[in-house]
Every structure is written in C-alpha cells, then in structure tokens.
Amino acid sequence: MSNIKYHFYRFMCNITIGKIKRFFQYKKNMSKTNIVYNRGENNKFIVLDSQDNELHNYQYIKNLSVKFNGNNNLVILYENINLTKSLNIVCSSNNILKIGRTNNPVNITLTDLCENCKLIIGNDLTSYGVHIPLHDSKGMEVNIGNSCLFAGQTEIRAYDGHSIIDNCGNILNSPENITIGNHCWIGVGSMILKGSIIPDNSVLGAKSLYTKRTNPNDLQSGIFVGVPAKRVRKDINWDIRNFDTLSQIMPVNK
Ligand SMILES: CC(C)(COP(=O)(O)OP(=O)(O)OC[C@H]1O[C@@H](n2cnc3c(N)ncnc32)[C@H](O)[C@@H]1OP(=O)(O)O)[C@@H](O)C(=O)NCCC(=O)NCCS
C-alpha cells in the first residue's frame with residue numbers, strides 16, 4: 001500500500017473509532033446519575049413524576065448536579081424540570097431543597113447551602129435567572145410560593161454577608177428568612193433582601209430593591225418599585241400572558 005493510501009486509511013479508521021467512542025460516551029451520560037458524590041449519611045435525592053409519585057429509576061436530569069458533603073439532606077425535584085442553565089446543588093447538612101412541578105424554563109444559581117438552610121419553591125415556577133446564595137448563615141429559609149416569575153438577573157439575599165456593629169458592640173444586621181408569596185412577578189435586575197415578605201399576586205418593578213421595610217404589613221398585593229421599593233399601587237394582579245395576547249380578550253385602561 002502506498003504511503004498516502006495508508007495514511008488515508010488510518011485517518012478514516014480514526015474518524016469511525018471517534019464516532020463510536022462518542023456514541024458510547026453519550027449513552028453513558030444519558031444514564032449517569034445526577035448525584036456527583038455523597039460523602040455523608042441519610043441523604044435523599046427524590047425525583048417525582050407529575051402525579052407526585054417517587055421515581056426509583058428516574059432519567060438523568062439535564063444540567064443538574066447534586067453533591068452531598070454532610071448528612072440528613074433532602075433534595076426533591078420533578079423529573080421533567082427544564083433547567084436552562086446548570087443547577088449545582090451542594091448540600092452541607094440538614095438542608096431541604098424542593099422545587100415544585102413546572103413545565104416552564106428554570107434558571108436558578110445557588111451557592112453551597114450552609115447547614116440547616118432550606119429553599120422551598122412552589123409549583124409552576126418560571127425563572128430566567130435568579131441567584132439565591134445560601135452559603136453564609138446557618139438555618140436560613142427562603143420560601144417562594146406557586147406560580148412565581150423571576151426575570152433575568154434577579155437575586156434573593158437572606159443575609160448581608162458581613163456585619164454592621166453599633167457603638168455598644170451589638171450586631172445590627174442579623175440574617176432573616178424571606179417569603180415570596182404565590183404568583184409574584186419579580187422584574188428584571190431586582191433584588192430582594194433579608195426579612196422581605198412579598199404579598200401574593202405582587203409585582204416588583206425592574207431594578208427595584210425590596211427590603212423588609214417595603215412591605216406595609218397589610219399583605220395586600222401591589223406594584224412595588226424603586227430603590228428602596230415602595231408600593232405605588234395596591235390590590236392589583238398580573239398575568240403571564242403578554243399585552244398582545246391578553247388585549248384580545250380584555251379591555252385596556254389607557
Ligand atoms: C413595575 C411595572 C410592571 C409597572 O408598570 P405600570 O403599571 O405600567 O407602571 P407605570 O409605568 O404607570 O409607573 C407607575 C409609577 O411607578 C414608577 N415606576 C415604574 N416602574 C419603575 C421601576 N422599575 N423603578 C422605579 N420606578 C418605577 C413610575 O415612574 C411611576 O411613577 P409616578 O407615578 O411617580 O409617575 C413596570 O414599570 C416595570 O418595571 N416593568 C419591567 C418588568 C420586567 O422586568 N419584565 C421582564 C419580563 S420577565
């Protein structure tokens with residue numbers, strides 16, 4: 001065989017072998033588990049189907065990795081979650097993380113979960129990019145109701161990360177849990193700080209800063225806007241459908 005023929009033959013063989021290797025790698029990835037490692041005990045990763053039945057042989061969930069560094073953690077997700085960006089769940093100990101049933105895009109970034117922290121998200125979440133750091137203070141809870149919508153570049157911070165101390169030596173800025181009610185729409189670039197409680201059916205305007213003082217305590221829904229956010233309208237609701245769709249079936253108040 002001439003030298004050229006020999007090299008051409010080898011080249012073709014390498015391509016075929018490469019294709020076969022990639023095929024088996026793909027097959028392996030399809031069946032691999034989402035649990036990257038489990039260094040502790042009594043850790044549970046539960047995948048539910050749409051009828052809330054636990055699946056013992058669930059399919060690999062794309063873009064998800066779960067790591068257990070400690071003990072007694074519980075992670076619950078639904079099989080058809082549509083993670084549009086990598087969700088890396090890293091548990092320490094006694095963490096609970098649940099994301100409810102949803103067919104909508106889910107883009108959430110987390111930091112490693114500090115001990116005893118909980119993140120509970122209801123059904124029908126839509127998220128185009130929410131960052132929820134929970135690595136810094138033990139025992140924090142973030143609860144998000146059903147049907148919430150997070151636009152891109154939003155953030156939920158249950159603690160400040162550094163301490164503010166008064167002249168008597170007291171820390172002023174303790175971490176506090178956050179509750180976002182059902183059916184809240186969080187506008188693009190907004191931030192929700194420690195102690196915030198957002199009433200059901202509320203809207204937080206673009207680039208707004210919701211703090212624990214934003215809520216006027218009556219828990220009526222509202223449009224909250226600005227830095228810090230203030231309520232500019234109360235007793236409203238919103239709809240995930242856009243103006244063009246909804247204005248076909250509802251009157252418009254100009
Ligand atoms: C919150 C929002 C929905 C309210 O819309 P709206 O009901 O039409 O409100 P208006 O434009 O009439 O504004 C009402 C008042 O709030 C103020 N305001 C509205 N949005 C604001 C914002 N994001 N930050 C600060 N002030 C704001 C207006 O200046 C106005 O103040 P005024 O009464 O003193 O004049 C809209 O302003 C907004 O922020 N949209 C962005 C939503 C988004 O992020 N979408 C991403 C898709 S997922």
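Which residue in β10 stands opposite leucine 110? In this predicted model, where local features need pLDDT of at least 70, side-chain atom pairs count only at pLDDT 80 or more and totals for chains, interfaces and linings use all residues, that position is taken by isoleucine 132. Residues are numbered from 1 along each chain as its sequence is written.

**Overall form**

The protein chain has two helices and 21 strands, where helices (H or I, at least four residues) and strands (E, at least two) are DSSP runs, numbered from the N terminus. Its radius of gyration, taken over C-alpha atoms, is 23 Å, whereas a compact globule of 254 residues would have a value near 18 Å, the globule rule being 2.2 Å times the number of residues to the power 0.38. Along its principal axes the C-alpha trace spans about 85 × 55 × 40 Å. Of the 254 residues, 30% count as buried, a class that requires 20 or more other C-beta atoms, placed from the backbone, within 10 Å of the residue's own.

**Strand pairing**

Two strands are said to pair if DSSP finds at least two bridges between them. β1, β3 and β6 form an open sheet in that order, with parallel pairing; its edge strands are β1 (35-38) and β6 (87-91), each of which pairs on one side only. Neighbouring strands of this sheet are turned by 5 degrees against each other on average, direction ignored, with axes fitted as lines to C-alpha atoms and angles running from 0 to 180 degrees between N-to-C directions.

| Parallel pair | Bridges | Residues opposite each other |
|---|---|---|
| β3 (residues 64-68) and β6 | five bridges | serine 65 and asparagine 88 |

**Surroundings of the ligand**

The ligand is surrounded by Ala151, Gly187, Val188, Val203, Gly205, Ala206, Lys207, Ser208, Ile223, Val225, Gly226 and Val232, a residue being near a molecule if its C-beta atom, placed from the backbone, lies within 6 Å of it. This shell divides into seven nonpolar, four polar and one charged residue, where Ala, Val, Leu, Ile, Met, Phe, Trp, Tyr, Cys and Pro count as nonpolar, Asp, Glu, Lys and Arg as charged, and the others, Gly among them, as polar.

Note on methods. Buried ≥ 20, exposed ≤ 12 C-beta atoms within 10 Å, placed from the backbone.
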